[in-house]
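Please read this report alongside the sequence and the coordinates shown below. The sections take up the chain interfaces and then one side chain.

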Amino acid sequence: MSDKTPKDGEPGWFERKRNIDKVWYVLLVFGAILTASEFLYEHHPHFAIEEIPVFYEIFGFLAFVFIVFAGKALRKLIMRDEDYYDRD
Amino acid sequence: MTAIDVNPGLLMIAAGLLACLLPRVGRQLLTLGTPVAGLLLLIATPMGALTTLPIFGYDLTLLRLDGLAFPFGIIFLIAAFLNAIFALHQDDRLQDSAVMIYGGAAVGAVLAGDLASLFIYWELTAVSSVFLILASRTERAYSAAMRYLVWQIGSGVLLLAGILLHYQETGSMAFTTITLGSVGSWAIFLAFGIKCAFPLLHNWVQDAYPEATITGTVALSAFTTKLAVYAFARSFAGEELLIPIGVVMTCFPVFFAVIENDLRRVLAFSLNNQLGFMLVGIGIGSEIAINGAVSHAFAHIIYKSLLFMSMGAVLYRTGTVKASELGGLYKSMPLTTIFCIIGALSIAGFPLTSGFVTKNLTLTGAEYAGYFWIWLLLIFASAGVMEHSGIKIPFFAFFSHDGGHRVKEAPVNMLIAMGIAAGACIFIGIFPQTLYSILPYEVTKSPYSVQSVVTKTQLLTFSIIAFGVLIRAGLYPKEIPSTNLNTDWLYRHVGRYFVGVLAYMARWAWAGVCGGWRATLGAAHGLIRRHYGPDGAMGSAWPTGQMAFWATVMIAAYSLIGFWYLL
Amino acid sequence: MSAAPGFELGHHLPALQVVVPLIGAVICAMLRNGTLAWGWALIVSVLTAAISTMLFVAVQAGGTISYGLGGWAPPYGIEYRVDLLSAFILLIVSWAGAIIMVYARQSVMHEIDAGKRAWYYCMYLLCLTGLLGIAITGDAFNAFVFMEVSSLSMYTLIAMGKNRRALLSSYQYLIMGTIGATFYVIGVGILFTLTGSLNFVDIAERLVTMQMERPAIAAITFLTVGISLKLALFPLHSWLPNAYAYAPSVTTSFLAGTATKVAIYLLMRIFFSTFGEAKVFEILPTTTILVLLSVSAMIGASLVAVFQDDVKRVLAYSSVAQVGYITLGIALANDLGLTSALVHIFNHALMKTALFLAVGAVFLRIGSVRLHDLDGIGPKMPVTMAAFALAGFALIGTPGTAGFVSKYYLAAAVIDKGWWGLVFVIAASSLIAVFYVGRLLEAIWFRAPGALAQKASDPPLSMLLPIVGLSLAVIWFGVDTRLTVDVAHNIATMLLGGVK
C-alpha cells in the first residue's frame, strides 16, 4: 500500500521555508496579543504566584524547555538499541 | 425488578459470545448494534435501579445505577460503538468477539453493585482484552501479551484476596466507599492501582498497548484504566493518598514521552499522565473535583481514542508509527491530519475543546482546596501534555521532514469514526453543559471565564513558542529509533535470568523431592531405579512396586496416627 | 423391555439402572459387528441415562428410594438405596457414558481393531454397570463386587489401545486397583465382624452405640487407603497418568469423567453416611491428613503437568490436582466444603471429558497427542480447539465457567473455616493451571502449524457434537448453578446431618 518512492517533485506548502516562517510569525504575534490581553481584564488569582505579571507565559515556556532538556538527559540514562529486548 | 433492568454489560458479553459464531456481516451488525442497544437500555433504566440475584445465601447486585455509574456506562458504550466503526474494515472473528466481551465486562463492572461481581468483570476485562494484543499475531506481541496478562491477573488475584479480607473484616460485600487501613483495603487499593497504572506499576501500559492491533489499542485505551478510575471514584473518593500518586503520574511520563520514538507508545505515556489528573481529582474528593475526574475520564476516552485512531490509521497505511520514519503525511492523509490535530488540541486542553472544559474542573478543584503545589505541578503537567500529545504526535507524524510515504487517505470507516470523535470533542468544548448535566454532582459555573480562557491559552501558546524556538535553534532532540528502558526492564532483562533460574530450580526441586523419596525409601526396599524421566516412560514398570509401597506406607501411617489418637 | 408401561417399571427403576447396562453388555458381547454393537451400546447407554434422570427427579421430589433386591428386605438382603447423593452421581456417570458413546463410533473405528470392537463396547457397558452399581448399592460388599466389575472391565478397556504401552499401564493399574480393592474388602470385613452387618445404613446405626475402638479405626484406615488408591489421591496417584495417556481416547474420556468420581462418592459414603462426620473428623485427625495430601496434589501434580510433553499426560496430572480440590472440600467437612466437592465432581467431569474428547479428535486426525505435533492446530480444527480452549479456561477457574463456581465455593469453605493460608494455596494452584493450560493453548493457537497439524481438520459431526455440547455446558453451568450448587448444598446438608 505504501509506495516509498523518493520525493515527487516540489515540496508541499508546509515544507517551504517561507511558509514555515509565516506560521512562526503568526504564532509570535498571537503570543504577543495574548500577553497584551493580560492587562485588559480583572484578575482573580487563587494563588500568589499568579499575580506575577506574565506568569503563565513564562511558566509555559520554561516548563516546556525544562521537559525537553530533561528528556534529553534521560536519554543518556535509559536509551538502548531498538532491538534491546530482542537480543539474547 | 422490571423487565428493563438488565445490565447492558451482560448484553454486550452475550453479543460478543454470539459474534464468534457469526459470519462477517453478522458480526458487523452486532458490533455496531449492541452498543446502541446498550445505550438505549441504559438511558431507559431509571436512576437508582437496583437488581439483585440471590446465589447461595448471597446477593449479587447485578445492576446498580447512580450518578457515578451512569456517565461511565454511557462513555464505555460510546467508545465501544466508535471502536466498532473504526474496525469495520477488518475481518477478524477473534477481535470482534473479544472487543465486545471486553467492553461488556467494563460496562458490567461499572454497573455492578457488589465486590464479587466486580471481581468477575475485573478478570473478564483482563482475559478478553489480552486477545486484542495476541491478535497482532507476532512474537513480540505474544510476549507483551503474556506480560500484560501476568499484571492483569496479578491485579485480579490481589483484588480477590482484598475482597475476601475486606469481607471478613466488615461482613460487607457492597462495592462502595472503603476506608484505607486494613490489609484487605490496601490489597483492593493496590489491585485498583495496578489497573490504573500507578507509578512503578505502570509499565504494562507502555509495554503492551503499542503491541496490540490497530483497532485493539483503541479499545484498550478506553476501558481498562478508566474502569480503575471508576473503581477509585467509587471506593476511595477523598482518599488523600491519591493526590501525590496522581501528581507523580501526571509528571513523570512527560519526560519519557519526549524521547519515545514509537508514537503509539507516546500516547500510552500520555495515558498515564491523563490518569494522574483524574486521580488527583478523586483524591481531592470535593464535588467539583469528582466532577472533574469523571468528566475528564469521559472526554479523555473520546480524544484518546481519537488520537489512537489517527495513529492507527497512519500505521494501517504506512506500516509504521515510528516518528523517525514518518513525516509529511498531511499531504497524503489530510483528513486524518485534521482529526488528529483536533484530538491533540483537546488533550492539551485548548478552549473550545472537551479537554478544556473538563480539566478546568479538576484544576478549579485544586484551587478551591488551596493545594498550591499540586496545582502548580498540574499546570506543569499541562505544558507536558502540550509537548508530547499536543505537538509531538501531529508534528512528527504529519509534518516535520517528509518521511517519503505516499499513501492513500485512511479508509472511510476510520474517517467516519475519527470524524465523530473529533466532532464530539468540539461539541463538548462548545456545549459543556451537555456533559456537565450527566455528572454525579451539579455544576454551576461555566468553565469559560475570561481569566481561565486567557491564562490557559497563554500557557499553551508559549509552550508552542518554546517548541518553535527549540526546533529553530536545532535544540529539540532528534527522533532516534531506540528502546527506552522502563521499569519493565527489571523483569524483562534482569528478571529473565531470575525467572530462568527460578524455573530451573522449581523443576529440579520437584525432581529432587521425588528423587529424594525414591532414594531414601527406595534404598530400604531395594526397589528404586535411578533414572526416572518426568515423562515417566522409563519408570512405568517401577512405580507399580513403588505405588504398592506407598499404599503400605499410607496404611501404616493412618493406623499409627489412629491408634496414637486412641491412647 | 421398553414397551412395558411406566407405573410398574417405575418401582423397579433402581434395579433397572444396573440391570439394563448389564444385560446390554451381555447382548453386546454376542454381536460380532462393531457398528451394530455401537448402535446397541448407544441405545443402552441412553436408556441408562434416561433411567438415572428419572431416578434423580423421583428422589428430588419424593426423597430417598430404598429397593430390596430380589424381594429381600434390608438389611438382610442387598439394598439398592438411592438418596440424593447417589442420584447425583448416577446422573453424572450415566450421562457421561451416554455422551461419550455418541462420540465413540468414529474414534473406536480408528483406534480399535475391527475384530475387537464389539468386545470393546461390551466392556464399556460392563464398566458402566459396575460404576453405577457402586453408586446405587446400599451394601458395602455389593459395592466391592461392583468395584471389581468396573475395574476389571476398565483394565480391558485400557489394554485394548493400539499403543503397546497401554498393556503395561493396564497391568500397573490392575495391580494398584487390586490392592485398593483388597484394602477395601479388608475394611468391609472388619466392619462386618464389628457390627455383623454389611448394609451401610445398618452399620451406621450399629456403630452409633459403639466406642471408636481399634478395629473401627483399622476399618477406616483400610477403607480410606483402599478408596484413595481408586480415586488417585496423592501419593497413590501414579497409576493414573500412564493409564490415561496410553488408553484409547474413548476409554480415557470415560475413565476421567467417571471412575475417580465414583471412588470419591464411595469415600463420602463411608465417611459421612457410615461412620459419620463426628467419628471420622473429630476423633481422628482425618482433616489434617487429607488437607495435606490434597494440597500436595493441588500443587505438586499441577507442577508436574507444566512440564509434560504429552497432552493427555498434562490433562492426567491435572486430574490428580483436581481430585485434590475435591478431597480438600471433603476434608473441610463443613457445609460449603462438601458443596464445593460435589460441585467440582460434576464440573470436573464435565470439563475433563470435554478436554479428553477434543484430544481424542486430534488423535483421530493426526495420530499423535505430543504437544509438539499440536503446534498451530487451532486454526485447522477451529471448532474442536475453541471447545478445548473453553474447557481449558474452565480448568483454570475463569469466572463465567463451571470451574470458577467450584473454586469459588471451595475458597468460601476454606474462609468459613478461617484457614486463610489455603486460599493462597488455591490461588497458587490456579496460577499453575494458567501455565499448563496456557502452554497448551499457546502451542495450539499461536504457533506455526507443523507437518502433521497442516492436514488436520475438525472431526466428523458425531464426535464434534459431544465436544461442543460439553464445552457449552461448561459455560452454562458456570452461570446457571441450580443443578449443581443447589443440589450439592442439599446433599451436603444431608450428609452432615445424616449420622449423629
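## The interface of chains A and B

In this predicted model, chain A and chain B bury about 5,900 Å² between them, and carbon and sulfur atoms give 68% of that area. On the side of chain A, the residues that lose the most area to chain B are Tyr56(A), Phe64(A) and Tyr85(A), which together make up 14% of what that side buries. The contact brings together 61 residues of chain A and 66 residues of chain B, and of the two pairs of chains in contact, chains A and B share the most contacts.

## Polar and charged links between A and B

The interface of chain A and chain B has a count of one salt bridge. The partners are Asp21(A) and Arg472(B), whose closest N and O atoms are 2.8 Å apart. Polar contacts across the interface of chain A and chain B amount to 10 residue pairs, counted with both residues at pLDDT 80 or more.

Three elements of chain A give two or more residues each to the side that touches chain B, namely helix H1 (17–37), helix H2 (55–78) and strand S1 (79–80). Of the residues on that side, the largest share, 19 residues, comes from H2(A). Sorted by class, the side of chain A that touches chain B has 30 nonpolar, 11 polar and 20 charged residues.

## A strand pairing between the two chains

The strand S1(A) also pairs with a strand of chain B, S3 (residues 483–484), and the two run in the antiparallel sense over two bridges. Within this pairing, Arg80(A) stands opposite Thr483(B), a residue of S3(B).

## The interface of chains B and C

Chain C meets chain B through 54 residues of chain C and 40 residues of chain B. The area buried between chain C and chain B is about 4,300 Å², with 80% of it on carbon and sulfur atoms. Phe307(C), Trp420(C) and Phe446(C) supply 13% of the area that chain C buries against chain B, which is more than any other three residues supply.

By class, the side of chain C that touches chain B consists of 37 nonpolar, 11 polar and six charged residues.

## Chains A and C

No contact joins chain A and chain C, and the closest C-alpha atoms of these two chains lie 18 Å apart.

## A serine side chain within chain C

Ser153(C) belongs to helix H6 of chain C, which covers residues 140–159. Is this residue, Ser153(C), buried or exposed? With a relative accessible area of 1%, Ser153(C) is buried, because the term applies under 20% relative accessible area.

Two backbone oxygens lie by polar atoms of this side chain: that of Val149(C) is 2.7 Å from a polar atom of the side chain of Ser153(C), and that of Ser150(C) is 3.0 Å from a polar atom of the side chain of Ser153(C). When neighbours within four places in sequence are left aside, Ser153(C) is in contact with Met123(C), Leu126(C) and Cys127(C).

Definitions and conventions
Residues numbered from 1 in each chain as written. Chains lettered and ligands numbered in written order. Predicted model: local features only at pLDDT ≥ 70, side-chain atom pairs only at ≥ 80, totals over all residues. Heavy atoms only, no water. Contact = heavy atoms within 4.5 Å. Buried area = accessible area lost by both parts, 1.4 Å probe. Salt bridge = Lys/Arg side-chain N within 4 Å of Asp/Glu carboxyl O. Polar contact = N/O pair within 3.5 Å; in protein donor to acceptor, adjacent residues only side chain to side chain. Helix = DSSP H or I, 4+ residues; strand = E, 2+ residues; numbered from the N terminus. Nonpolar A, V, L, I, M, F, W, Y, C, P; charged D, E, K, R; others polar. Pairing = 2+ DSSP bridges. Buried < 20%, exposed > 50% of the residue type's maximum accessible area, 1.4 Å probe, protein only.
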